[in-house]
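This report is meant to be read beside the sequence and the 3D view. Please keep both open while going through the sections that follow.

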Amino acid sequence: MENSELIKFEGGLIKRVSNAINVTSKVLALAEPQLIPYRKKDKWGFCTPDKRIVIDCIYDSALRFSEGFARVELNDKYGFINKLGIIVISCRYDKVWNFRDGLAKIERFFSELCEDDVAIDDYGNRQGEIGFIDKFGNEVINCRYNYAANFYEGFSKVKLNNKYGFIDKLGNEVIPFIYDYAGDFNEGLAMVKLDDKYGFIDKYGSEIVPLIYDGADNFNEGLARVNINE
C-alpha cells in the first residue's frame with residue numbers, strides 16, 4: 001500500500017503535517033530552476049547550477065536575480081530582464097541596483113560638461129542623482145537625491161544638499177533634511193547625527209532618544225550601543 005503525507009513549506013523547510021500525499025523528489029523538480037550569471041568569453045547570460053545556459057550570453061554584465069528581475073548591462077547602460085530572458089526595463093540608466101520591496105534605485109550621472117568637483121566624487125567615481133523605479137519601469141521617485149538607501153520599514157534615508165532626511169515609498173519627504181548623518185530605521189527608530197551628537201528619532205521625526213551621545217549604533221532586539229566620551 002502506498003504511503004502518503006501532507007507537507008507544509010515553512011521557514012525554508014518542508015515539514016510533515018499528516019498522511020495524505022506521497023512526496024518524492026519529483027515535487028522539488030517542479031520548482032522554478034535557479035538561474036545564476038554565466039560568462040562566455042566577454043559576455044554574460046544565465047545558466048542553471050549544472051551550467052545549462054537558459055538565457056544567452058549577450059550582456060556586458062549581469063547580476064543575480066532579485067524579486068524575479070536581474071540587472072543587465074548593454075553599451076554602458078543598465079536595465080532589467082525577467083527569468084524568460086525578456087528585457088522588461090530597457091537598458092537606459094547610468095546605474096541601477098537590484099529590486100528590493102518592489103522598487104529599484106536608479107542613478108543618472110551629471111553631464112560630463114559639469115565642473116569636475118560636481119561630476120566626480122572623492123574616489124574618482126562619476127556622480128549623479130538617484131531615484132527609484134517600480135517593476136514597470138515607472139520612475140516613481142524622481143532622480144534628485146545625492147544618495148539614497150534601500151527602504152527599511154517603509155522609509156529610505158536620502159541625502160540632499162549634504163543633509164540627510166527620509167522619504168516614503170511614494171516619494172514624500174516625511175522627515176526633513178536637517179541631519180548630518182542618519183542610519184536606517186530598525187525597530188521603529190533611526191539613529192541620527194547633528195552637530196557631532198547622536199540620538200534616535202521615530203517615524204514621525206520625533207526625538208525619542210536625545211542627541212547627547214558621541215556615537216551610536218542601530219537598535220537590535222530593543223538595545224542600542226551608544227558612546228559618551230569622557
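Is E187 buried or exposed, or does it lie in between? E187 is partly exposed, with a relative accessible area of 39%, where buried means under 20% relative accessible area, exposed over 50%, and partly exposed in between, with a 1.4 Å probe and protein chains only.

## Basis of the report

This is a predicted model, in which local features need pLDDT of at least 70 and side-chain atom pairs count only at pLDDT 80 or more, while totals for chains, interfaces and linings use all residues. Residues are numbered from 1 along each chain as its sequence is written, and side-chain values use heavy atoms, with hydrogens and water left out.

## Two residues with positive phi

E187 has a phi near 60 degrees, which is a positive value in a residue other than glycine. E187 is placed in the loop between β18 (181-182) and β19 (190-194); strands here are DSSP runs of E with at least two residues, numbered from the N terminus.

A positive phi is also found at E221, a residue other than glycine, with a value near 55 degrees. E221 belongs to the loop between β22 (215-216) and β23 (226-227), and with a relative accessibility of 71% E221 counts as exposed.

## An open sheet of four strands

Four strands form an open sheet in the order β14-β15-β16-β17, and their pairing is antiparallel. Two strands are taken to pair if DSSP finds at least two bridges between them. The edges of this sheet are β14 (147-148) and β17 (173-179), each of which pairs on one side only.

## Salt bridges between parts of the chain

The structure holds 10 salt bridges, a salt bridge being a side-chain nitrogen of Lys or Arg within 4 Å of a carboxyl oxygen of Asp or Glu. One of them joins K135 and E67, whose closest N and O atoms are 3.4 Å apart. Because K135 lies in the loop between β12 (128-133) and β13 (139-145), and E67 in the loop between β6 (61-62) and β7 (70-74), the pair ties together parts that are 68 residues apart in sequence. K135 is partly exposed at 29% relative accessible area, and E67 is partly exposed at 35%.

Another salt bridge is formed by E173 and R144, with the closest N and O atoms 2.3 Å apart. This pair links distant parts of the chain, with E173 in strand β17 and R144 in strand β13, 29 residues apart. E173 counts as partly exposed at 40% relative accessibility, and R144 counts as partly exposed at 35%. The side chains of K163 and D180 also meet in a salt bridge, at 2.5 Å from N to O. Since K163 lies in strand β16 (residues 163-167) and D180 in the loop between β17 and β18, the pair ties together parts that are 17 residues apart in sequence.

## Cysteines without disulfides

How many disulfides does the structure hold? The structure holds zero disulfides, a disulfide being a pair of cysteine sulfur atoms within 2.5 Å. For C57, the closest cysteine sulfur is that of C47, and at 7.8 Å it is too far for a bond.

C57 counts as buried, with a relative accessibility of 17%. C143 is buried too, at a relative accessible area of 13%.
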